[in-house]
Amino acid sequence: MWLPIIGLILGVILGFFTEFRIPDEYSNYLSIAVLAALDTLFGGIRAHLQHSFDSNVFLTGFFFNILLAAGLAFLGVHLGVDLYLAAIFAFGVRLFNNIAVIRRMLLSNWNERRNENKA
């Protein structure tokens, strides 16, 4: 469970200490792709906590979500419609839902262990 979090922390640290810059015209695509990746990451953590994690589902979901989000943003740019907002809304809702479930499960596990130690 900690491997994705360690990877996320390493990625953020590398991003802060390197001079790699994304051109402004691609920033919308990258932001949508990062949001989709975070959605998949937290979905994987949730599935692991619920003992239903499948690496094939995780990997296909990771790449499919990124490609779908970037494709929506690309199509929206060419149609003149802000389709990337639909992806932001969908992935944002899923991300907050996954984080809420993870928080509740971690709190529940922590309370169970605390009650076991008291007994």
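## An aromatic pair between helices

Phe 74 counts as partly exposed, at 46% relative accessibility. Buried means under 20% relative accessible area, exposed over 50%, and partly exposed in between, with a 1.4 Å probe and protein chains only. The model is predicted: local features need pLDDT of at least 70, side-chain atom pairs count only at pLDDT 80 or more, and totals for chains, interfaces and linings use all residues. Residues are numbered from 1 along each chain as its sequence is written, and side-chain values use heavy atoms, with hydrogens and water left out.

The structure holds 5 aromatic pairs. Rings of Phe, Tyr and Trp (its six-membered ring) pair if their centres lie within 6.5 Å; planes under 30 degrees apart count as stacked, over 60 as edge-to-face, and the rest as tilted. Tyr 29 and Phe 74 form a tilted pair, because their ring centres are 6.4 Å apart and their planes stand at 40°. Tyr 29 lies in helix α2 and Phe 74 in helix α3, so this pair ties together parts that are 45 residues apart in sequence. Helices (H or I, at least four residues) and strands (E, at least two) are DSSP runs, numbered from the N terminus. The C-alpha atoms of Tyr 29 and Phe 74 are separated by 7.4 Å.

Tyr 29 itself counts as buried, at 17% relative accessibility. Leaving aside neighbours within four places in sequence, Tyr 29 is in contact with Ala 70, Ala 73, Phe 74 and Val 77. Contact means heavy atoms within 4.5 Å.

## A phenylalanine cluster

Ring pairs link Phe 53, Phe 58, Phe 62 and Phe 63 into a cluster. Within it, the rings of Phe 53 and Phe 58 have their centres 5.6 Å apart and their planes at 50°, so this pair is tilted. Phe 53 is partly exposed at 41% relative accessibility. Phe 58 is also partly exposed, at 21%.

Thr 40 touches Phe 58, Gly 61, Phe 62 and Asn 65, not counting residues up to four places away in sequence.

## The nonpolar core

The largest nonpolar core has 12 residues: Tyr 29, Ile 32, Ala 33, Leu 35, Ala 36, Ala 37, Ile 66, Ala 69, Ala 73, Ala 87, Phe 91 and Leu 95. The elements that give two or more residues to this core are α2 (27-49), α3 (55-79) and α4 (84-118). Helix α2 gives the most, with 6 residues. A nonpolar core is a set of buried Ala, Val, Leu, Ile, Met, Phe, Trp, Tyr and Cys residues joined through side-chain atoms within 4.5 Å.

Leu 35 is a core member. Beyond its neighbours within four places in sequence, Leu 35 is in contact with Ala 87, Ile 88, Phe 91, Gly 92 and Leu 95.

## One salt bridge

The count comes to 1 salt bridge. The term means a side-chain nitrogen of Lys or Arg within 4 Å of a carboxyl oxygen of Asp or Glu. The side chains are those of Arg 94 and Asp 39, at 2.8 Å from N to O. Arg 94 is in helix α4 and Asp 39 in helix α2, so the pair links distant parts of the chain, 55 residues apart.

Asp 39 is buried, with a relative accessible area of 1%. Arg 94 is partly exposed, at 43%. Apart from neighbours within four places in sequence, Asp 39 is in contact with Asn 65, Phe 91, Arg 94, Leu 95 and Asn 98. Of these, Phe 91 and Leu 95 are listed in the largest nonpolar core.

## Loop and surface

Leu 83 lies in the loop between α3 and α4. Leu 83 is partly exposed, with a relative accessible area of 24%. Leu 83 touches Leu 72, Leu 75 and Gly 76, not counting residues up to four places away in sequence. Leu 83 and Phe 64 are 19 residues apart in sequence and 17 Å apart in space, C-alpha to C-alpha.

Leu 8, Ile 9, Val 12, Ile 13, Phe 16 and Phe 17 form a nonpolar patch on the surface, with about 640 Å² of accessible area together. Patches are made of residues with over 30% relative accessible area and no salt bridge; like charges are joined within 9 Å, and nonpolar side chains (Val, Leu, Ile, Met, Phe, Trp, Tyr) within 5 Å. Accessible areas come from the Shrake-Rupley method with a 1.4 Å probe; for residues, only the protein chains shown count as cover. Ile 9 is found in helix α1 (residues 2-17). Ile 9 is partly exposed, with a relative accessible area of 47%.
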